[in-house]
Amino acid sequence: MLLLLTAMTWSCKTKEEPKVEEKPNILFILSDDHTSQAWGIYGGILEEYVQNNSIERLAKEGAVLNNAFCTNSICSPSRATILTGQYSNLNQVYTLREPLPVGHPNVAKTFGEAGYQTAVIGKWHLYRQPEGFGHFEVLPGQGVYVNPILKTKENWVDGSDGTQGKQYEGFSTDVITDLTIEHLKNRDAEKPFLMFTHFKATHEPFDYPERFADLYVDQEIPEPESLLDFGPETTGRTFNGQILERLADRWQAATERPEEFWTYYPGLPYPLDGLDSVQKRKKIYQKLVKDFMRSGAAIDDNIGRLLDFLEEEGLADNTVVVYTADQGYFLGEHGFFDKRLIYEESLRMPFVIRYPKEIKGGQRIDDIILNIDFPALLADYAGIEKPSYMQGRSFREILNGNAPADWRKQMYYRYWLHEPKRPAHFGVRNHRYKLAFFYGQGLGMSGASSEPTEPQWEFYDLENDPKELHNAYGDPKYADIISEMKKAIVEERQKYGDTDENFPEMQSILEEAF
């Protein structure tokens, strides 16, 4: 009898249904221009000044990518790449004015088909109505910092038109967090969620809530080594770039003609009269970097609110949390502000990810990761086979300490929005070297200048020149390396289908260059 009961018990156990693995929720937090120099977890001169309790919390509990890069360092294209896993030449968002094509595949559609609740709240900046999201509340165009308007499916008008949207009282970073939490509280708790929370901050005009207005008031912020780079002759770079004095011109225009200028800035007027060129640049830098860090403090504050919400709701252990920025930004390096360039400050995407069930806390990852990889990673966590439309690749195994032997050793970059001060260019960066070709053609891109610039090369040894202060393209000791990297550019362009076949004006330029 005992043997019979034992056999019956064993038999019942073998017939038990296997436990279905619970799919994780995903909270993807994206800010605008919140560059790695201002995160405080990547070192640098601002490390002791930024307010980053929540970012540090994520870093301690998750993994930080040291070498995540953007494939086109400007807002709309980077966002399109994060949604599609594709370079600009495939998703057709090259500059600031193109929408994703109607019906184009994206990660929200893929997740929705897999049973996820999908939502995006905050900055969208892709002109047309979002596709694939079960819920969206997005800013019209860039949106505003104070008392923002957000648009939904019910009141949608294409572009930057927010006249039919709903206005919310408060600061945009706080409002976007409020709406995210409200949406998650009202979700269907039986289904996993894919939640995109997109902050406007820290985009120009670098505004911040009143509660951070007194930060840094009596402090002098350290300056970057290349702040007093006043022109190409200093480093051998081949273009003028977006210098800080142009930001000061915007401050003046916003002060004198506030009703006509495209935006406002906090803390105006900001007098610069009577200063020599060095004094003026230093004073411009102080305002830029302080406003930027204040705006970043509001982001960190609200990341903390989101993390606390997940804890309170019992969701933290089963939620993948990502915080990243759509690209980097110059904070006085090379005398610049803005982004767009293949230089490190602009190219680099800060990125931290937490998933308590799987990712070991306190990790630093040195492998080269691109924004085309982000949606493939999210799909992997959701148990979704990587869709064929994604050019990127999941780096889940890298986060688990098992880097594939065939992982990329170099990355390809291309910036399309040509303008003589910041020419259109493409290039390759590996773990030590960077080679860029500034081909200088607008190619009819929306918003691009039709004024060409002479094609130029730049090369940097990032081990010996990490701040990119010396263009070594003409140095004969690098001739063989440069030759190999030119071949690498050709290979990468073919790999991603970015060959300029549809641009006849590029053919003679490419033939001569390669």
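1. Tyr323 is in contact (heavy atoms within 4.5 Å) with Ile29, Ser31, His34, Trp39, Ile55, Leu58, Ile299, Ile303, Pro350, Phe351 and Val352, leaving out residues up to four places away in sequence. The structure is a predicted model, in which local features need pLDDT of at least 70 and side-chain atom pairs count only at pLDDT 80 or more, while totals for chains, interfaces and linings use all residues. Residues are numbered from 1 along each chain as its sequence is written, and side-chain values use heavy atoms, with hydrogens and water left out.

2. Tyr323 also belongs to the largest nonpolar core, which has 64 residues; Tyr323, Ile29, Leu46, Ile303 and Leu310 touch the most other members. A nonpolar core is a set of buried Ala, Val, Leu, Ile, Met, Phe, Trp, Tyr and Cys residues joined through side-chain atoms within 4.5 Å. Buried means under 20% relative accessible area, exposed over 50%, and partly exposed in between (1.4 Å probe, protein chains only). Among the elements that give two or more residues to this core are strand S1 (25-31), helix H2 (53-61), helix H6 (172-185) and strand S9 (319-325). Helices (H or I, at least four residues) and strands (E, at least two) are DSSP runs, numbered from the N terminus. Helix H9 gives the most, with 14 residues. Apart from this core lies another of 48 residues, among them Val120, Ile369, Tyr381 and Ala382.

3. Eight strands form an open sheet of mixed pairing, in the order S5-S4-S8-S1-S9-S12-S2-S13. Two strands pair if DSSP finds at least two bridges between them. The edge strands, S5 (135-138) and S13 (363-365), each pair on one side only. On average, neighbouring strands are turned by 15 degrees against each other, direction ignored. S1 and S8 run parallel and are joined by five bridges; Phe28 has Phe196 in S8 as its bridge partner.

4. H2 touches strand S2 (63-65), S9 and strand S12 (351-354), and its direction makes about 60 degrees with that of S12. H6 touches S4, S5 and S8, and its direction makes about 170 degrees with that of S8. Axes are lines fitted to C-alpha atoms, for helices over the stretch in contact, and angles run from 0 to 180 degrees between N-to-C directions.

5. How far apart are the axes of H2 and H9? The axes lie 7 Å apart, and the two helices pack at an angle of about 50 degrees. H2 is therefore oblique to H9. Angles under 35 degrees count as roughly parallel, over 145 as roughly antiparallel, 65 to 115 as roughly perpendicular and the rest as oblique. Residues Asn53, Ser54, Ile55, Arg57 and Leu58 of H2 meet Asp300, Ile303, Gly304, Leu307, Asp308 and Glu311 of H9.

6. Is Thr197 buried or exposed? Thr197, in strand S8 (residues 193-198), has a relative accessible area of 0% and is therefore buried. Its side chain makes a polar contact with the side chain of Thr180 at 3.1 Å. A polar contact is a pair of N or O atoms within 3.5 Å; within protein, one must be able to donate a hydrogen and the other to accept it, and residues adjacent in sequence count only if both atoms are side-chain atoms.

7. His418 lies in the loop between strand S15 (410-415) and strand S16 (425-430). His418 counts as buried because its relative accessibility is 1%. A polar atom of its side chain lies 2.7 Å from the backbone oxygen of Glu451.
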